[in-house]
Amino acid sequence: MMRLQKYLANAGVASRRGAEKIISEGRVSVNDEIIREMGVQIDESYDTVAVDGEVIKNTEKKYYIMLNKPVGFVTTVSDDLGRETVMDLVSDISARIYPVGRLDYDTEGLLLLTNDGDLTYRITHPKHDISKTYVAEVTGNISMDTILQLRRGIMLDGQKTSPAEVEVVGATQFGTKVEITIHEGRNRQVRRMFESLGCIVKKLKRTKEAGLTLGHLPLGKWRKLSESEVNMLKKIEASGSKEKKSTSKPKPKAFMKSNSRRTTTQKRVKKNDK
Ligand code: URA
């Protein structure tokens, strides 16, 4: 048994959040019955899941890709404004892969792409505290006080950023090169953290994410993750999850519905047995 949104994510239809959206839009059916609520459990062996009437089989090969994103590409599958997207940089992959999280248009560096919705969920959900390291080239000199404030946390939108690791790693023509590791993914977080202390970020590059390192991957190029890198990512839930600390997990609201729907499935199976 598996939650419907997890099944759709595993099948590469969308991320788990994306799957929830298409369910709420009434585009998903189980055994020809449209499902709009979250939490419905399905049995992979018996139930037939369809999106927009097309049956979804959970057998798609999974791809895990690291791209060194250049500035000037949006981190989406398509763009209404006709700008180039990161998908224009990834060729030869027949599956419907999509970016894991996002990097700003004007940020470069490590970006993961996959068709594994379950893994996307684990990497992007705030409860997993995934670390992301950036090298920021900022104007002027950085004082020790600025470093300490960045480390302790900065108020953004009325909420303090969680503690960051911050080191000065060099000098540039603009000023200072700072390495910063954060554990959240708020909108333009790194730029806004520096800006709130009067420092302008001239260049921003992500060098690490979730234990993966960009290394010498050339700008604009991509590579498949190694088996050990994929296995490391798949361990995320087991290790870093805040969810583990919660004592009880509420049962999905639609549990009763799923049980009643099971009767429909059993009827169908019986019919087939004849
Ligand atoms: N922080 C930013 O400011 N921009 C990014 O793209 C990522 C993190």
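Colleague: What should I know about the model before we start?

Modeller: This is a predicted model, where local features need pLDDT of at least 70 and side-chain atom pairs count only at pLDDT 80 or more, while totals for chains, interfaces and linings use all residues. Residues are numbered from 1 along each chain as its sequence is written.

Colleague: How many helices and strands are there in the protein?

Modeller: The protein has eight helices and 17 strands. Both are DSSP runs numbered from the N terminus: helices are H or I with at least four residues, and strands are E with at least two.

Colleague: Why do β5 and β6 count as paired strands?

Modeller: Two strands pair if DSSP finds at least two bridges between them. Two bridges join β5 (residues 49–51) to β6, so the pair qualifies, and the strands run antiparallel. Val-51 has Glu-54 of β6 as its bridge partner.

Colleague: Which order do the strands of that open sheet have?

Modeller: The four strands follow the order β3-β2-β5-β6, with antiparallel pairing. β3 (33–35) and β6 (54–55) are at the edges because each has a single partner strand, which leaves one side of each without a neighbour in the sheet.

Colleague: Why is Asp-52 called exposed?

Modeller: We count other C-beta atoms, placed from the backbone, within 10 Å of a residue's own: 20 or more makes the residue buried, 12 or fewer exposed, and anything in between partly exposed. Asp-52 has 10 such neighbours, so Asp-52 counts as exposed. Asp-52 lies in the loop between β5 and β6.

Colleague: What makes the phi of Asp-52 stand out?

Modeller: Most residues other than glycine have a negative phi. Asp-52 is not a glycine, yet its phi is positive, about 50 degrees. Asp-92 also has a positive phi, about 65 degrees, without being a glycine. Asp-92 sits in the loop between β7 and β8 (98–99), and with 5 other C-beta atoms within 10 Å, Asp-92 is exposed.

Colleague: What makes helix α3 "mostly covered"?

Modeller: In α3 (residues 117–124), seven of the eight residues are buried. Among them are Leu-119, Tyr-121 and Ile-123. Across the protein, buried residues make up 30% of the 274 residues.

Colleague: What makes a group of residues a nonpolar core?

Modeller: Its members must be buried Ala, Val, Leu, Ile, Met, Phe, Trp, Tyr or Cys residues, joined through C-beta atoms within 7 Å. The largest such core has 20 residues, and those with the most contacts inside it include Met-66, Val-86 and Ile-123. β7 (64–69), β9 (108–114) and α3 each give two or more residues to this core, with β9 giving the most, four. A second, separate core of 17 residues includes Met-193 and Leu-204.

Colleague: Which residues is Val-86 in contact with, leaving aside its neighbours within four places in sequence?

Modeller: They are Leu-67, Lys-69, Phe-73, Thr-75, Pro-99 and Leu-111. Contact means that the two C-beta atoms, placed from the backbone, lie within 7 Å.

Colleague: Which residues surround the ligand?

Modeller: Leu-103, Asp-104, Thr-107, Arg-188, Gln-189, Val-190, Arg-191 and Leu-204 do. A residue is near a molecule if its C-beta atom, placed from the backbone, lies within 6 Å of it. Helix α5 (residues 189–195) gives the most to this shell, with three residues.
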